Amino acid sequence: MKQNSKTLIKVLIFLLLYFLTQALITAIFAAIGGMGVEGDIQGAMETYIAENAALISLVHNALVILLILLYCRRSAETREDVRLRSIRCIELTCCAATGVCAAFIVVTLLSLLPIPGELMSSYSSAITASTAGAPPVRFLSVVIVAPIAEELLFRGVIYGAFRRTSRRGVAIAASCAIFGIMHQNPVWMVYAFLMGLGLTLTLDACGSLFAATALHMAFNLAGSYLAPLMYAMPIYIHILLALGCGYIVGYCIRRMKELPKPSTDTQSEKEE
């Protein structure tokens, strides 16, 4: 019970720091947007924040990465939880391919499922609002920095903390639920939960956070720049692509299962 309380406090502290740093960065950008403005300062601040959403996210997530890595240097327990272990190129390739295919499958499901128009409109607006900004900044934020920060926080610190004191199923469910809720929009929350499940299973299967990060980066890349092209295609093309992607995902999973598992440091010590 004591260990569970300690874990919950640790998770809450990290989530609080996540939101506080986000609020701090947003406040700084709001102040910049309001500098030298005469008249509607509030409106100018809100407009500046909306126009620089990708840059705000980039700076915020970069700060999150820095803080977590600094904390890992001081905490051996958290460093072990984060699992920044080397990984083979074939595993990275399979994870990246799975991420691209998952993005196409998600787009197909969003097109086929009877989701109310209001929810889809709200989802599209949330995606657009969170990625507004110059294309290079948007790419760095969405494809590179955000996946690294989210994997360090959700699959590294949070899942790692729950895994220490809870059964694996409970740890996965709790970390994925938090990951889903953090996305706020109902449609986004559902597939973020499922995506979190896939990322967590990938982490456990490969034993390295680099695997989950590669999958996450590839998913965001395809979801942001490739999958949207599917919306103009006939629905049968969606289905054929989704089936093909499902086959590729299955192949990647089988391929990774066939790979010999590298010995961990703990196993080596036991053998000695």
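Cys-252 counts as buried, at 4% relative accessibility. Buried means under 20% relative accessible area, exposed means over 50%, and partly exposed is in between, with a 1.4 Å probe and protein chains only. Before I go on, this is a predicted model, where local features need pLDDT of at least 70, side-chain atom pairs count only at pLDDT 80 or more, and totals for chains, interfaces and linings use all residues. Residues are numbered from 1 along each chain as its sequence is written, and side-chain values use heavy atoms, with hydrogens and water left out.

Back to the cysteines. How many disulfides are there? A disulfide is a pair of cysteine sulfur atoms within 2.5 Å. By this rule the count is zero. Cys-252 is in no disulfide, and the nearest cysteine sulfur, in Cys-94, is 4.3 Å away. What about Cys-245? Its closest cysteine sulfur belongs to Cys-101, at 4.0 Å, and that is too far for a bond. Cys-245 is buried too, at 7% relative accessibility.

Next, the cores. A nonpolar core is a set of buried Ala, Val, Leu, Ile, Met, Phe, Trp, Tyr and Cys residues joined through side-chain atoms within 4.5 Å. The largest one has 52 residues. Which residues have the most contacts inside it? They are Ile-68, Phe-154, Ile-158 and Ile-178. Helix 7 gives the largest share of this core, ten residues. A second, separate core has seven residues, among them Phe-104, Val-107, Cys-245 and Val-249.

Look at Ile-68 for a moment. Contact means heavy atoms within 4.5 Å. Leaving aside neighbours within four places in sequence, Ile-68 touches Phe-14, Leu-152, Leu-153 and Val-157.

Now to helix packing. Helices are DSSP runs of H or I with at least four residues, strands are runs of E with at least two, and both are numbered from the N terminus. Helix 3 covers residues 53-74, and helix 7 covers residues 135-165. Their axes come within 8 Å and cross at roughly 35°. An axis is a line fitted to C-alpha atoms, for helices over the stretch in contact, and angles run from 0 to 180 degrees between N-to-C directions. This crossing is left-handed. That means the near helix is turned anticlockwise from the far one by less than a right angle; clockwise would be right-handed.

Who meets whom? On helix 3, the residues include Ala-54, Ser-57, Leu-58, Asn-61 and Ile-68. On helix 7, they include Ser-141, Val-145, Leu-152 and Val-157. By class, this contact has 17 nonpolar, three polar and one charged residues. Ala, Val, Leu, Ile, Met, Phe, Trp, Tyr, Cys and Pro count as nonpolar, Asp, Glu, Lys and Arg as charged, and the others, Gly among them, as polar.

Zoom in on Ser-141, in helix 7. Is Ser-141 buried or exposed? It is buried, at 4% relative accessibility. Its C-alpha atom is 8.1 Å from that of Asn-61, 80 residues apart along the chain. Neighbours within four places aside, Ser-141 contacts Ala-54, Ser-57, Leu-58, Ala-146 and Pro-147.

Another pair: helix 9, residues 186-206, and helix 10, residues 209-226. They pack at about 145°, with axes 7 Å apart. Here the crossing is right-handed. Helix 9 brings residues including Tyr-191, Met-195 and Cys-206, while helix 10 brings residues including Leu-209, His-216 and Phe-219. The classes are ten nonpolar, two polar and no charged.

Last, the loops. Arg-83 sits between helix 4 (76-82) and helix 5 (89-112). Its phi is positive, about 60°, although Arg-83 is not a glycine. Arg-83 is buried, with a relative accessible area of 8%. Beyond four places in sequence, its contacts include Tyr-159, Arg-163, Leu-203 and Asp-204.

Gln-184 lies in the loop between helix 8 (168-181) and helix 9. Its phi is positive too, near 70°. Gln-184 is exposed, though, with a relative accessible area of 60%.

One more loop residue is Asn-52, between helix 2 (41-51) and helix 3. Asn-52 is buried, at 18%. Leaving aside neighbours within four places in sequence, Asn-52 is in contact with Phe-29 and Ala-132.

That's my tour. Questions, please.
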